[in-house]
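This report looks at one residue and at the pair of helices around it. Please have the sequence and the structure at hand while reading.

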Amino acid sequence: MAQNKKQSTIVYSTDHGTICPACNRPKTNCSCGQKPIPKNDGIIRIERQTKGRKGKGVSLITGLPLDGNDLKKLAKTLKAKCGTGGTIKDGIIEIQGDHRQALKFELEKLGYKVKLAGG
């Protein structure tokens with residue numbers, strides 16, 4: 001009596017994390033030539049968010065290819081242009097209020113490709 005067995009592959013290992021389905025190696029040591037998905041696609045996205053802020057809206061700027069002092073300088077410039085406060089959390093600039101159009105204009109002047117995200 002022959003049984004049909006499906007081949008199973010390991011998808012995740014507690015020792016190595018995510019496993020590549022093509023070469024069965026950890027994603028960090030993948031040798032099959034699959035390219036990893038880029039974290040940043042080169043487009044700056046500006047969205048308005050009110051969730052968790054008691055109805056107060058903020059404009060979130062994500063996808064910036066900057067870090068450290070450069071990000072702080074840009075945030076300071078954008079806050080001054082909008083005449084409002086803001087902060088930086090996990091590489092995302094938060095500007096108080098709905099200033100999406102002004103932020104888009106300023107970032108485009110600096111040479112970034114900008115999209116308005118969300119509703």
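## Glu106 and its surroundings

Leaving aside residues up to four places away in sequence, Glu106 touches Leu78 and Lys81. Glu106 itself is part of helix α2, which covers residues 100–109.

Is Glu106 buried or exposed? Its relative accessible area is 14%. Because buried means under 20%, Glu106 counts as buried.

## How the two helices meet

Two packed helices are described by the angle between their axes and the distance between the axes. Here the pair is α1, residues 68–82, and α2. Their axes come within 10 Å and cross at roughly 130 degrees. An angle over 145 degrees would count as roughly antiparallel, and 65 to 115 as roughly perpendicular; α1 and α2 are therefore oblique to each other. The crossing of the two helices is right-handed.

On the α1 side, the contact is made by Leu74, Leu78, Lys81 and Cys82. On the α2 side, Leu103, Glu106 and Leu107 take part. Sorted by class, the contact of α1 with α2 has five nonpolar residues and two charged ones, with no polar residues.

## Confidence in the model

The structure is a predicted model. The mean pLDDT of the protein chain is 79, and 74% of its residues reach 70 or more.

Where in the protein chain is confidence lowest, and where is it highest? Strand β1, residues 12–13, has the lowest confidence, at a mean of 57. Helix α2, the helix that holds Glu106, has the highest, at 92.

Technical notes:
Residues numbered from 1 in each chain as written. Predicted model: local features only at pLDDT ≥ 70, side-chain atom pairs only at ≥ 80, totals over all residues. Heavy atoms only, no water. Helix = DSSP H or I, 4+ residues; strand = E, 2+ residues; numbered from the N terminus. Buried < 20%, exposed > 50% of the residue type's maximum accessible area, 1.4 Å probe, protein only. Contact = heavy atoms within 4.5 Å. Axes fitted to C-alpha atoms, helices over the stretch in contact; angles between N-to-C directions. Parallel < 35°, antiparallel > 145°, perpendicular 65-115°, else oblique. Left-handed = near helix turned anticlockwise from the far one by under 90°. Nonpolar A, V, L, I, M, F, W, Y, C, P; charged D, E, K, R; others polar. pLDDT = per-residue confidence, 0-100.
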